[in-house]
Amino acid sequence: MLLNNLSNLSVSTMLDNFMSPKRRMVGDPIVVGFLSDVSREILRSKKCREYPDVITFGYFCRKGSIRKILKVSQSEFNRYGWGLAVHIAPSNVPINFAFSFVFGLLSGNNNLVRLPSNTWPQVELLVSIFETIIKTSKYCALKKNNAFIRTERDSLKLQEIIANCDALIVWGGDTTVSTFRQLNKKPRCVELYFSDRKSSLIINADIINSGSENDLDKLALAFFNDTYIVDNNACSSPRRVFWVGGDTSIFSASAKFWLAVNRVIESKDYELDVIAKLDKYLDIMKSVEIMKSAVSVEKISENIWLTARDGEVVIGRLGRFSESGFSKLDLALNALDNDEQTLTYAGFKKEYIEKIVIESDIMLDRIVPVGTALDIGFIWDGVDVLQRLSRIVVCK
């Protein structure tokens, strides 16, 4: 596995390397062992502990976790990878490239991963760990046909590789997805696209008001981990907060919650860079332009901006959220949009939410506790990724 700039590489040589090895079976023991060693290295690294998303990835790669996933995915048929899988990682979520890489590995494919264009310390840290582990002799079979690259998305070399790949996995906005859909590919190329989605948090206001200060601090930290770690850019990060309760209860709970979140932000020394700060102002200006009217913004702090639900046009990010209140849970759930991906919750039982969602035919892919919004799994956007990236070989 090598980290390279694609402009310095020969496409024909790369394709020869990726196409020549035999495809592996889903859950190949060599792959499981490699991921287990990666997990062990992450979880014992002091540097990795600085990044909660890296630690989450480390737990995801544990041998026990992987075997549990494979056991659920087992079938009576033999499953193999398609061949060369090309992954286009998003620029706004640092760890996404690593999960996509694992999806491709475990499903039996050879993998070429285009790294995020943005500079993230988590990316450099994980690539370094991957390369350290894969250089050991027991993983030499994986080294030749898995690589990370840096290149522009409109690179002609990248387009040539995509034209010859067997599977394409694209993470990004609607514009990115549209661009890659139109590129030339093999007739049987398997394509997976993960485009723009929205996510929300729903909170029982009474739980905030009746709970302890310690419980409130835990909730605020969980929300921080869901959002600020990725500048609430991830599709699964809640950008809207739905409160459920009476008007007085919601008013009190909201004030307590945002002050607690701000305390966490300050304790983490979180601060946007200059460009991101400008982008946040530009987002408001875009909303004004589209609505042709003023947009009310309440500044809890420089890192927390709130807008009313009805005033949201340009999706919240970079510490900007919308919030709204509802007297009942079903009213809040029915206010979710059709392109909703993840609903995080606090103060409600999962079964209660699930019952309303199913009976109301609300479009949702995930219902998870607050603090776990960024936990990617093999079922994503309603798709079984492991199944889609592998093929069945029937022998009778």
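Trainee: How many positive and negative side chains does the protein chain have?
Mentor: In this predicted model, the protein chain carries 50 positive and 47 negative side chains.

Trainee: And how far apart do the centres of the two sets lie?
Mentor: The centres of the positive and negative sets are 9 Å apart.

Trainee: Turning to the fold, how many helices and strands are there?
Mentor: The protein chain contains 16 helices and 17 strands.

Trainee: What is its radius of gyration, and what would a compact globule have?
Mentor: The protein chain has 22 Å, and this agrees with a compact globule because one of 396 residues would be near 21 Å. Along the principal axes, the C-alpha trace spans about 65 × 45 × 40 Å.

Trainee: What share of the residues is buried?
Mentor: Of the 396 residues, 53% are buried. As for the accessible surface, it comes to about 18500 Å², and carbon and sulfur atoms hold 52% of that.

Trainee: Let us look at strand β4; how many of its residues are buried?
Mentor: Strand β4 covers residues 110–114, and five of its five residues are buried.

Trainee: Which of them point which way?
Mentor: Asn110, Leu112 and Arg114 point one way, while Asn111 and Val113 point the other way.

Trainee: Why would they alternate?
Mentor: Side chains in a regular strand alternate between the two faces of the sheet.

Trainee: Which strand is joined to β4, and by how many bridges?
Mentor: Strand β3, residues 84–88, runs parallel to β4 and is joined to it by five bridges. Within that pairing, isoleucine 88 has arginine 114 of β4 as its bridge partner. Arg114 is also one of the buried residues described above.

Key
Residues are numbered from 1 along each chain as its sequence is written. This is a predicted model: local features need pLDDT of at least 70, side-chain atom pairs count only at pLDDT 80 or more; totals for chains, interfaces and linings use all residues. Side-chain values use heavy atoms; hydrogens and water are left out. Helices (H or I, at least four residues) and strands (E, at least two) are DSSP runs, numbered from the N terminus. The radius of gyration is taken over C-alpha atoms; the globule rule is 2.2 Å times the number of residues to the power 0.38. Buried means under 20% relative accessible area, exposed over 50%, partly exposed in between (1.4 Å probe, protein chains only). Accessible areas come from the Shrake-Rupley method with a 1.4 Å probe; for residues, only the protein chains shown count as cover. Lys and Arg count as positive and Asp and Glu as negative; His and the chain ends are not counted. The place of a charge is taken as NZ of Lys, CZ of Arg, CG of Asp or CD of Glu. Two strands pair if DSSP finds at least two bridges between them.
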